[in-house]
Amino acid sequence: KDFRAKNEWPVHLNETHLNQKVVDVGPHDTEKCPETGLPMIVMHCGRIDVSLAPARDFQQHAQYLMETVTFDRPEVHERGIALRLDFKGASFAILRKLHMDDLTRGIDIFRTYPVKVKKVYLTNTSVAIRMAVKAVLMLATKNIRNKVVVVNN
């Protein structure tokens, strides 16, 4: 089943499709990557509060921003985008509140979207997050490992 149909998302997202509570929290925004010049989606992980709205609504907001930075921009489709995961205020406690569907949907957003993620920056990481990332990256392909940069806090 198509990703959007499966998640009951319209083919083209706009502001009216977004949960206003999520928009007000400002969990994600966009900026230009200083290193590569690529459009960059910034995910403020510490602002994601699944007691305020379902994880699905936060993910839909991220999808909307991806569409915003890529729509009608063939150069972005050719060059790709960057991601910055800002862990300021984030806690592993949120993982207990997520369901497998939430994790699968998060992965599928990037797997099904026709723009390549060229670089991933992790900022404001705790020791625990850096250790978890290191463990995950040991299992990842070299191509994936080369895309991920943990920025010193």
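Predicted model: local features only at pLDDT ≥ 70, side-chain atom pairs only at ≥ 80, totals over all residues.

Me: Why is His44 called buried?

Reply: Buried means under 20% relative accessible area. His44 has 10% relative accessibility, so it counts as buried. You will find His44 in strand S2, residues 39-44.

Me: What makes the link between the side chains of His44 and Asp29 a polar contact?

Reply: The cut-off is a pair of N or O atoms within 3.5 Å, one able to donate a hydrogen and the other to accept it. The side chains of His44 and Asp29 are joined at 3.0 Å, so the distance meets that cut-off.

Me: What volume does the largest pocket have, and which residues are closest to its centre?

Reply: Its volume is about 1,600 Å³. Of its 41 lining residues, Met43, Leu85, Gly106, Ile107 and Phe110 are the closest to the centre. Helix H6 gives the largest share of this lining, seven residues.

Me: How is the lining of the largest pocket divided by class?

Reply: It has 33 nonpolar, four polar and four charged residues. Gly106 is one of the residues closest to the centre, and Gly counts as polar by definition.

Me: And what lines the second largest pocket?

Reply: That pocket holds about 350 Å³ of space and is lined by 18 residues. They divide into eight nonpolar, six polar and four charged, and H3 supplies the largest share, five residues.

Terms used:
Residues numbered from 1 in each chain as written. Heavy atoms only, no water. Helix = DSSP H or I, 4+ residues; strand = E, 2+ residues; numbered from the N terminus. Buried < 20%, exposed > 50% of the residue type's maximum accessible area, 1.4 Å probe, protein only. 1 Å grid on protein atoms, 1.4 Å probe; cavity = no way out; pocket = protein on both sides within 12 Å on 5 of 7 lines; lining within 4 Å. Points joined across faces, edges and corners; volume = space filled by probe spheres on them.
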